[in-house]
Amino acid sequence: MNGFFAGTSILYFLGCLTLGVLYSWLLYIGNRNLDKQLRYGLAAIRMVAVTTIAWLLFAPLIKTLNYTLDKPVIIIGQDNSLSVGQVKATRFDQKLYEQNLKALKDKLSDKYEVKTYNFGDSVADGFDFKNQGKLTDASAFFQKIKDEYTNRNIGAIVLATDGIFNHGGNPLYSINQINAPVYTIALGDSIPKRDVLISNVNYNNIVYLDDDFTVEVQIQAFQSDRENTKLTVSQNGGKVAQQNIAINNNSFVKTIPIKLHAGKIGVQEYTVQLAKLPNEITTKNNSQTFYIEVIDGRQKVLLAGVSPHPDLGVLKEAISLNKHYEVKLALADDLSSTDPSKFDLIVLYQLPDAQNISSAFLQKVIASKRPIWYILGAQSGINAFNQVQNQVNLSSANGSIQEVYPDFANGFTSFNLSEEEKKTFSTFDPLLTPFGRLTVNASATPVFNQRIGKISTQQPLLFFTNDNGLKAGYLMGEGLWRWKLSEAENEVEQSSLNDLISKTVQYLSVKDDKRRFKVFTSKSAYDENESIQFNATFYNESYQAVNEPEVNLQVKNEAGKLFNYTFSKTESAYQLDAGNMASGNYAYTANTTLGGKRFTASGSFYVNALIAEYQQTTANHQLLNAISKQSNGKLFMPQDLLKIADEILKNENIKTISYEDRKYDELINIKWLFGLILVLLSVEWFFRKRNGEL
């Protein structure tokens, strides 16, 4: 440490000293009662005290220098992934390697600060030679170094790995951010071995029931020229596809599309497997299991009318174009035998009718609590229409009709219509709407407003309402067949009318989830190294989120084994981290009780097996060499790893750094200085008093 005064001019100090001398001289120059030596001593004490007090008025600074020695940090990172454990070079001695790596640490610790880590799918402190990592993420290792050793004296990094990195970024880009040489230890075997494997399976997680879908399987083979293998695809244990594969070179790659059929609802387990070859280095990469959720996306739509009409044909054709919708047409005689509760959406075409022959059917429709699309026309019974629903009222209707053109309503966002489609609708012929005074619920959402001739009005033509979660659509006119003819005349390739009808049906048929108790996973598919996250919400009768009752969860795997959990409470909901689970398909059931009533919720999820560590068996020593050269390090084989210590010791750039810490502090903050002044003045007063001086 080195300290000295700073920030105050020497002239200030000389001025303070002059003031102290002058004060002492004036005080003692004429005093003849004191002994000469005592007078000089007291004058000196007063001079020092006055000088110090005066100097403190200028707030002088004291500069303090501290020097800290920072020894170089040597960081050793050891690959703890499956690929390192499964493929070893000829004559590789695992025990000797472990001993030498620990000895390297001890040898370097004599002069340097040494930190050790192991990495696979995560980074942990210390060495771990179990080789259980499902992935190899070297970039995470370098990121940890960057985060934890910023502004530290990193001398060197020792990286023991096989160069097979299958997660995160390329470590070549990471080492540029760390100014230190990387000494690599080349594990594994860089000589390709005989192996046939499934390197990738490309598929969609969700498909619809009765759809055909394609799974793309990428196959690789090494050192297997002129061999033959067989690709088999199994669904829930039963074979569904098979194909023979001829391997025609020693570095064989081929992508094979497999067409499958979704014939069963639920999570389906598929396994793709390659027949093993003689003398393969491993067969763990010959198969891969994945899961696809098959959902029944078909919605049932009922088209109800009293008599045939061209509009019904237009509606049925447009809805049927979407294979996920099933349409049934029911006319007058069929209405009495049709159960509306079996449908997801009911289209009432000019119902209620003027003759009121559909009254019994309409009562069943209202009781079914299903979304309804009302389409009015010349055959509509307006009075009955006003009675069966409470969102729209058409008063003063006298049975006459008028022509109305569509005018797109600005601000509509429930579904998208392109600008081209909006222009197309503005050119269509008019619809025929019942004449009357139209009153609509203020919360209605219009798609089109009515344009009469060239006059645009704010009266809606096609619009939606929502009554306590029950959606309804209204089209206040007939004549869709005219719009269809307009498109045919203009030779439109893609029908805007079909798109409008399809989107309207889809919007009305989508169900709002009003369950009081909901439990769900954060996603439907996990990898086996991921934690399974559950969330739950519970609502009281007023549909307010509450979390007073306890929520229990039971998870069952494919073998029927049960796992029990209890949710933790958050501010107004529930949360659960169930940790990692083995690959497979799981079902869960949650339950809770409130007010003596039991609530349950269920669902499923699946966990994918991670096989990335088995998909590449040839070590990438070229990458390790590139990492070393780019960072001014060096590549070593496992049997020579102790030489790394000598290489580091002779590297002149790896040395202890001295950091200077400069600190400024005001002299007035030194408390003992005030004690010194008090002591000086007290000593002076004592001797003056003793010698009879005031």
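**Loops in the predicted model**

A: Asp 210 sits in the loop that joins strand E9 (206-208) to strand E10 (212-222). In this predicted model, the phi angle of Asp 210 is near 70°, which is a positive value in a residue other than glycine. Asp 210 is partly exposed, because its relative accessible area of 43% falls between the limits of 20% for buried and 50% for exposed.

A positive phi in a residue other than glycine is also found at Asn 279, where the angle is near 65°. Asn 279 belongs to the loop between strand E14 (266-274) and strand E15 (287-295), and with a relative accessibility of 71% Asn 279 counts as exposed, since the limit for that class is over 50%.

Turning to another loop, Ser 380 lies between strand E19 (372-375) and helix H10 (382-388). Ser 380 has a relative accessible area of 10% and is therefore buried, the cut-off being under 20%. A polar atom of the Ser 380 side chain lies 2.9 Å from the backbone nitrogen of Gly 377. Once neighbours within four places in sequence are set aside, the residues in contact with Ser 380 are Gln 350, Pro 352, Asp 353, Ala 354 and Ile 375.

One of these contacts, Pro 352, has a backbone feature of its own, as the peptide bond leading from Leu 351 to Pro 352 is cis, with omega near 0°. Pro 352 is itself a loop residue, placed between strand E18 (345-349) and helix H9 (359-368).

Key:
Residues numbered from 1 in each chain as written. Predicted model: local features only at pLDDT ≥ 70, side-chain atom pairs only at ≥ 80, totals over all residues. Heavy atoms only, no water. Helix = DSSP H or I, 4+ residues; strand = E, 2+ residues; numbered from the N terminus. Buried < 20%, exposed > 50% of the residue type's maximum accessible area, 1.4 Å probe, protein only. Polar contact = N/O pair within 3.5 Å; in protein donor to acceptor, adjacent residues only side chain to side chain. Contact = heavy atoms within 4.5 Å.
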